[in-house]
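Welcome, and thank you for taking a look at this structure with us. Please keep the picture open while you read, so that you can find each part as it comes up.

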Amino acid sequence: MRKFILTLLALTFSMSIFAHGPTPQKVQESITVSVTPAKAWSTVKDFSSFKKIMKIRSFDDEIMKIKYEMLKKDGPFSDYNAYIIVKKGANDNESVIQWTARFYRIYKLNPPIPEGQDDATAKAAVKKIVESGLANLKKSLASK
Amino acid sequence: MNSYNTKITLIILLSFFLSLIYFYDDFFEIHPKAYITNQGDNTVSVVDLNALEVIKTIKVGIAPLGITILKEKNLSFIGNVGTDDISVINTRTDQIIKTIKLNTAPLSLTSSPDETKVYVTDWFKNNILIISVKEMKVIDSFKVGKTPSGVIFNEKYNYLIVTNRDSNSVEIYNKNNNLIKKLETGKHPFGVYTKGKYAYTANVYDDTVTVIDLENWSSKVIKVGAHPYNMLTHNNLGIVTNTIDDSLSIIDLKINKEIKTINTGETPENLDIHQKLNMLVVTNWGSDSISVYDLKNLTLIKEIKTGAQSRSFGDFILQ
């Protein structure tokens, strides 16, 4: 029991430290797919689920990079901006798709921070979006 | 004999002092250096601007962001917004000599021109904290507007200038900490810069810069790239970091218009100049690096990998 309370105390303490700070958070994930970079790029470009909730900020065909801003405001995060870039893989028929997001937690005022509005919650939600987005991309590339 | 000895001693002493002057930089290790705060791995990268490489990585508090350098005192103050404290680095040895506890998030820092005080914006409680450099502790504070983000000292008028992100304004205080003017800016002013009779704010949400005339309080708005974060001026140019465009906006200050853009790394946040080397350094939060440019023609000299999420909000170059 004592150990449990100590752990709880330590957890609460460390959480209050990490919950501070008006700092932008970052999530970066990537996958490797067995198609040419050109093919991966064309799939990324017409990734349909994007268009309803995103505002595309720029396309760069040369460096195969798309930048967008999320318009949907119902997630536990704010000011979400991200980019997806397609890079060459280990050989000609392999590509790496990298997805990077920058965002803030929803609650920007003084601590105490309400439950579910802290950095950790925001980060977990964005990680989920990025990971499932990459998984969907992989799936649609495999079916082509 | 005695006078001969004196002569020899004098000659030896003289040559010693001459060599001291000649090798001064080597003796005292005065290298031009940039101090880069890395939010993601709780470190400061020390970059030698002659060699263009990281020469040391210093562990600081959690989520370091703001910085100011006290050149004459050989000190660098680093604000850690995760641990609510300030790490003070001796820039000769590049070691932490003191940690100042604050109990609030220090967002940005600047020093008084005589380097006796460091001003810190207290993001959570809407204060400016004043640290005595001699005593290394907070000796005074005063209330300012909502979410004070940037802070800078104007030497011409002895003004302390503060941007208030959530009230879309800039406040100007005199040396007795009295508010003498509050002006509207664009939406979400973050970084602030001043030189001579002008102050500049980078307004994140409406992609503009506000130029304020500190003599007659008139202001102008200039359109720049997406989500500008900070800026500075050099001769007749304004240089602005555009975090979402991964670029710098170059403004002609005679006509107050953007005349071109220059590519940076990903999510460029802050920037500073080394005067003697005529060098511009930009921190790239997204690509964990800095971009070093030749100021003469604004060409990239080198991109240098630093730590995770490089920021350096404030003046970060040791001249």
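Here is a short tour of both chains, starting with chain A and moving on to chain B.

Please note at the outset that this is a predicted model.

**Chain A**

Let us begin with the overall plan. Chain A contains four helices and five strands. Read from the N terminus, its elements follow the order α-β-α-α-β-β-β-β-α. Of its 144 residues, 28% count as buried. Among the contacts in chain A with a separation of 6 or more, 59% come from residues 24 or more positions apart.

Two of the helices deserve a visit. Helix H2 of chain A covers residues 37–45 and helix H4 of chain A covers residues 119–142; they pack at an angle of about 120 degrees, with 10 Å between their axes. Angles from 65 to 115 degrees count as roughly perpendicular and those over 145 as roughly antiparallel, so H2(A) is oblique to H4(A). Their crossing is right-handed. On the side of H2(A), the contact is made by A:Ala40, A:Thr43 and A:Val44, while H4(A) brings A:Leu137, A:Ser140 and A:Leu141. Sorted by class, this contact has four nonpolar residues, two polar ones and no charged ones.

**Where the chains meet**

Chain B gives 17 residues to the contact between the chains, and chain A gives 13. On the side of chain B that touches chain A, nine residues are nonpolar, seven are polar and one is charged.

**Strands of chain B**

Now look for an open sheet of four strands in chain B, in the order S20-S21-S22-S23, with antiparallel pairing. Strand S20 (228–234) and strand S23 (257–263) are its edge strands, each pairing on one side only. From one strand to the next, the twist averages 25 degrees. Within this sheet, B:Leu248 stands opposite B:Ile262 in S23(B).

Is S17(B) largely enclosed or open? Five of its six residues are buried, so S17(B) is largely enclosed by the rest of the structure. S17(B) pairs with strand S16 (residues 189–195) and also with strand S18 (residues 208–213).

| Strand pair in chain B | Sense | Bridges |
|---|---|---|
| S16(B) and S17(B) | antiparallel | five bridges |
| S17(B) and S18(B) | antiparallel | six bridges |
| S22(B) and S23(B) | antiparallel | six bridges |

Two residues lie between the strands in the hairpin of S16(B) and S17(B), where B:Gly196 takes a positive phi near 60 degrees. The hairpin of S17(B) and S18(B) has four residues between the strands, and there B:Asp207 takes a positive phi near 55 degrees.

**One residue up close**

We finish with B:Ile69, which sits in strand S4 (residues 64–70) of chain B. Is B:Ile69 buried or exposed? A residue counts as buried if 20 or more other C-beta atoms lie within 10 Å of its own; B:Ile69 has 24 within that distance, so B:Ile69 is buried. Leaving aside residues up to four places away in sequence, B:Ile69 touches B:Tyr35, B:Ser76, B:Asp315, B:Phe316 and B:Leu318. B:Ile317 is 248 residues from B:Ile69 in sequence, yet their C-alpha atoms are 7.2 Å apart in space.

Definitions and conventions. Residues numbered from 1 in each chain as written. Chains lettered and ligands numbered in written order. Predicted model: local features only at pLDDT ≥ 70, side-chain atom pairs only at ≥ 80, totals over all residues. Axes fitted to C-alpha atoms, helices over the stretch in contact; angles between N-to-C directions. Parallel < 35°, antiparallel > 145°, perpendicular 65-115°, else oblique. Left-handed = near helix turned anticlockwise from the far one by under 90°. Contact = placed C-beta atoms within 7 Å. Nonpolar A, V, L, I, M, F, W, Y, C, P; charged D, E, K, R; others polar. Pairing = 2+ DSSP bridges. Buried ≥ 20, exposed ≤ 12 C-beta atoms within 10 Å, placed from the backbone.
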